[in-house]
Amino acid sequence: MRKRTSIITAVLATLLASSAYAAETGKDIAFNRSKGNCLACHGMPTLPDAEQPGESGPPLIAMQARFPDKKVLRAKIWDATASNPESFMPPMGKHQILTEQEIDKVVEFLYGL
Amino acid sequence: MKKIVIALAGLGILVGAFSAYAGPEEDRQKLVSYFKNKYPDLKFDDYIYSALAFDPDAKSQYNSIMEFPPYLSELEKGEKLWNTPLKSGKTYADCLPNGGKMIAGNYPLFDDARGKVITLEDALNDCRKANGEEAYKNADPKTMGLLSAYMRTLSDGMKVNIKVVGEGALKAYEDGKKTFYRRAGQLNFSCGSCHVDNAGLRIRSELLSPVIGQTTHWPAFRGGDKLVTLQKRYEGCQKNVRHSPDKAGSTRYNNLEYFHSYMSNGLEMKSSVFRK
């Protein structure tokens, strides 16, 4: 009995771990309200499922062309107030809203927009 | 040339003198003209509708709900509390100015003798304590919430009329202003980020209301009958944006309400209202 419980626990833990970390895509992180919540402020005009976006930030589109240097894009997300002290955008990295790995994933996701 | 320099110097002094006197009324007028520039079609009196003022569809839904508000029976409970004599035999009407009518727009006020801001809830609790009763909890929806909801209906149509006079009052006002404009918390928002800079815009599907007018219509009944006081709403916003919220009735919130209410000076009060 105890053995079975521990197996179940192990399976559950693996499932949880994979859904919480490995399986989470940049898009998931960007869409998730308790993570990036980018849709609160940004439209993503090329994504049909980016529904009811907010209006305060510029639309995220053609990111690769507009941010040829990935580092600049990453820096904007890490701390938007560095380039614009008045920015409404939460400093995702600086305030540890997202982890460094999560920000990397979001940057890759944005490059596809 | 010399003349111009002198004239400019004179102007400089004038400007200097002006900013030295910058105070609540200048703060308020700045906001009024900021919004007037941004939303020239919006009439000043319509700011009492908060976010609804920007959304004609939501506003017309609101209008039809307000024709027969779902919370009327709650207000009746408040009326009963209002009319029930206190232990001393006196009523709230006996111990408030003008029988409690057409006075809500004067609150919060600064009490020089006590050196602090007194909200309408404080005034009602003072009344209770002076007449043999225990104070109600500041934002308890079943007691103070209902009592203040009914009491405020007696001031419907009164214009908000907050006064900031004297050093202590100004200090409390400035403290509230600081709370409103200071960016804080993990998301780095201030109240002003949303209710000044981005007012009138949507954040996800929510339209952000402007600071002006926000204090004119409390408590609100959310979803029809869930009573929420103004300071509970502060708690709600602070929780939503990951600030560390205070408790309703704290000095910080009372000072915030003092500043916040001043920004609605000149607007008509209306209690209560429906909120989704």
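B:Pro108 sits in the loop between α5 (92-95) and β1 (109-111) of chain B. A cis peptide bond joins this proline to B:Tyr107, with omega about 0 degrees. The model is predicted.

- Most residues other than glycine have a negative phi, and most peptide bonds are trans.
- A cis peptide bond also joins B:Ser271 and B:Ser272. Its omega is about -20 degrees.
- B:Ser272 lies in a loop of chain B, between α11 and β7 (273-275).
- In chain A, the residue to look at is A:Ala62, which is not a glycine but has a positive phi, near 50 degrees.
- A:Ala62 is found in the loop that runs between α2 (26-31) and α3 (63-66) of chain A.

**Two domains in chain B**

- Domain 1 of chain B puts 21 residues into the contact, and domain 2 of chain B puts in 20 residues.
- The size of an interface is often given as the accessible area lost when the parts come together.
- For these two domains of chain B, the buried area is about 1600 Å². Carbon and sulfur atoms carry 69% of that area.
- Zero salt bridges are found across this domain interface in chain B.
- Two residue pairs are in polar contact across the boundary between domain 1 and domain 2 of chain B, both residues at pLDDT 80 or more.
- On the domain 1 side, α10 (230-240) and α11 (251-262) of chain B each supply at least two residues.
- Helix α11(B) gives the most to that side, with five residues.
- The domain 1 side holds ten nonpolar, eight polar and three charged residues.

**A helix pair in chain B**

- Two packed helices are described by the angle between their axes and the distance between the axes.
- Here the pair is α2 (residues 24-38) and α8 (residues 167-181) of chain B. Their axes come within 11 Å and cross at roughly 35 degrees.
- From α2(B), the contact uses B:Pro24, B:Asp27 and B:Leu31. From α8(B), it uses B:Leu170, B:Tyr173, B:Lys177 and B:Tyr181.
- Five of the residues in this α2(B)–α8(B) contact are nonpolar, two are charged and none is polar.

**Where chain B meets chain A**

- Chain B contributes 16 residues to the contact, and chain A contributes 23 residues.
- Together the two chains bury about 1500 Å², with 49% of it on carbon and sulfur atoms.
- Seven residue pairs are in polar contact between the two chains, both residues at pLDDT 80 or more.
- Among the elements of chain B on this side, α9 (191-197) and β3 (202-203) each supply at least two residues.
- By class, the chain B side has five nonpolar, seven polar and four charged residues.

**Salt bridges**

- Side chains of opposite charge can pair when their charged atoms come close.
- Over all chains, the count comes to 19 salt bridges.
- One of them pairs A:Lys35 with A:Glu102. Their closest N and O atoms are 3.1 Å apart.
- This pair links distant parts of the chain, 67 residues apart. A:Lys35 is in the loop between α2 and α3 of chain A, while A:Glu102 is in helix α6 (residues 100-111) of chain A.

Key. Residues numbered from 1 in each chain as written. Chains lettered and ligands numbered in written order. Predicted model: local features only at pLDDT ≥ 70, side-chain atom pairs only at ≥ 80, totals over all residues. Heavy atoms only, no water. Axes fitted to C-alpha atoms, helices over the stretch in contact; angles between N-to-C directions. Helix = DSSP H or I, 4+ residues; strand = E, 2+ residues; numbered from the N terminus. Contact = heavy atoms within 4.5 Å. Nonpolar A, V, L, I, M, F, W, Y, C, P; charged D, E, K, R; others polar. Buried area = accessible area lost by both parts, 1.4 Å probe. Polar contact = N/O pair within 3.5 Å; in protein donor to acceptor, adjacent residues only side chain to side chain. Salt bridge = Lys/Arg side-chain N within 4 Å of Asp/Glu carboxyl O.
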